[in-house]
2 protein chains.
Amino acid sequence: MISIVILGTGNVAKHLYDAFSATNQVKILQVVGRSEDKLLVYSKHTEVCLDYGNIKEADVYLIAVSDDAVKEVSQKLIDKKGLVVHTSGSCALDILTPIQRKGVFYPLQSFTKNKKVDFKEIPICLEAAQQDDLFILEDLAHLISEKVFNISSEQRKTIHLAAVFVNNFTNHLYQIGNEICDDHNIPFELLHPLIMETAHKISVLNPHEAQTGPASRGDQITITNHLRLLENKTHKEIYSLLSNSIKKDYEQEL
Amino acid sequence: MISIVILGTGNVAKHLYDAFSATNQVKILQVVGRSEDKLLVYSKHTEVCLDYGNIKEADVYLIAVSDDAVKEVSQKLIDKKGLVVHTSGSCALDILTPIQRKGVFYPLQSFTKNKKVDFKEIPICLEAAQQDDLFILEDLAHLISEKVFNISSEQRKTIHLAAVFVNNFTNHLYQIGNEICDDHNIPFELLHPLIMETAHKISVLNPHEAQTGPASRGDQITITNHLRLLENKTHKEIYSLLSNSIKKDYEQEL
């Protein structure tokens, strides 16, 4: 049995709480947060605590707060004997210094309030300052996920950058598609199946093979028509830049 | 019973063939194509034909060929009494002129060879020059899909433009994410669950609400770090342009 304390009450904290609660090899001793309201949901089954000076002794402390607050929260754990880990994709391991038993437990997923996820499928990226602590994190991760990876702070930086492209920027393209539809009274839902299929396709083909559309086939007439149709200046710029980037990748093959 | 002839042997043709074959209210009289090899797969259950001068009489002719070839193929059907429709998102209805009984039967999806799709969920966008013909297309569409829409050529142009953003450009962002991972020996599969969740999320939240990441929270430090990390000049430009576009959308809210 591994005993843990969760620090934070946001989406990552809640999803980790739910995942660990569903196993019988983890004892969640305490959830620590600053907001009484947000702690309410945990208080039925677990001890909750508003006072960062009153944190229990545990095997592992999971810091699941916003990136800006990781350092500050970790300072409250300097005297603890347990292993202190953060769950952030963009913070390095070193942010937890001077704590000696430190690590990272980063679930590579975008969590939304009240939207369940299948934790088994979520990659968990682990790092620890000491080898023994890495074993503890591996045990912990394997309890909730089938996809556990050892990832250095350097690699995690790269993953976070790639994630900005495939998650944040992709969502912005959905937003532009939504605006274009709204401007012409077309329900955006019409594009949902296409969006799902585009995402799903890369599990069968790599993105280079999966590429379709006017730019990849060098169809300049359609590109010109589309640019004419676009009214928003920024949308025009994005259309041009992405089309040119695709053309560069494919013109050798045409 | 509606009798149809399918012209073309590409992905759209094959997926429509499979979908209509699974209903018992459609009789596929013939599949017409230029390649004997590609017709082979149909020939077990359906008459196939290489000769565009030898097309049977049918209620509906479905032209499922590449956009460039729609006009040319439609010329072979000028003397037919049946309804002639194309299946292209980017061609207007008028491309079928001088045919009088003409229409569009556009399944809004990106089809991949050998990858099954659930046709019930695919929006089918219909248009016809004559009202009676629209009813025929509605009957036909409802046999395979639960999502049937009347969409004018003008609206279809907009949908096609929006689809370039959410499908073609999104796939290109996946490609960039893939390259970034490859360059640092990180398996791109690590990002698949995130990609699926990003796509899935917009069925629960609209893309504006779903937006996360450094640009939407005005985190200039992370943006600067990411730009420094990117080596490819085009990737840098794309990162900057999309981040600035997101910032513009969110800076009022910060």
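The model is predicted, with local features needing pLDDT of at least 70 and side-chain atom pairs pLDDT 80 or more, while totals for chains, interfaces and linings use all residues. Residues are numbered from 1 along each chain, chains are lettered from A in the order written, and side-chain values use heavy atoms, without hydrogens and water.

**Exercise 1.** Find how many residues of chain B are in contact with chain A, and the area buried between them.

Solution. Contact means heavy atoms within 4.5 Å. By this rule, 85 residues of chain B touch 85 residues of chain A. Buried area is the accessible area (1.4 Å probe) lost on putting the two parts together, summed over both. It comes to about 8,100 Å², and carbon and sulfur atoms give 70% of it. In chain B, F165(B), V166(B) and L190(B) lose the most area to chain A, together 9% of what that side buries.

**Exercise 2.** Count the salt bridges between chain B and chain A.

Solution. A salt bridge needs a side-chain nitrogen of Lys or Arg within 4 Å of a carboxyl oxygen of Asp or Glu. The count is three. One of them joins K115(A) and E197(B), at 3.2 Å from N to O.

**Exercise 3.** Work out how chain B is related to chain A.

Solution. Superpose the copies by least squares on C-alpha atoms of residues with pLDDT of at least 70 in both. A rotation of 180 degrees with 0.0 Å of shift along its axis places chain B on chain A, with RMSD 0.0 Å. The two copies are therefore related as by a two-fold rotation axis. In chain B, the C-alpha of T170(B) is nearest the axis, 2.7 Å from it.
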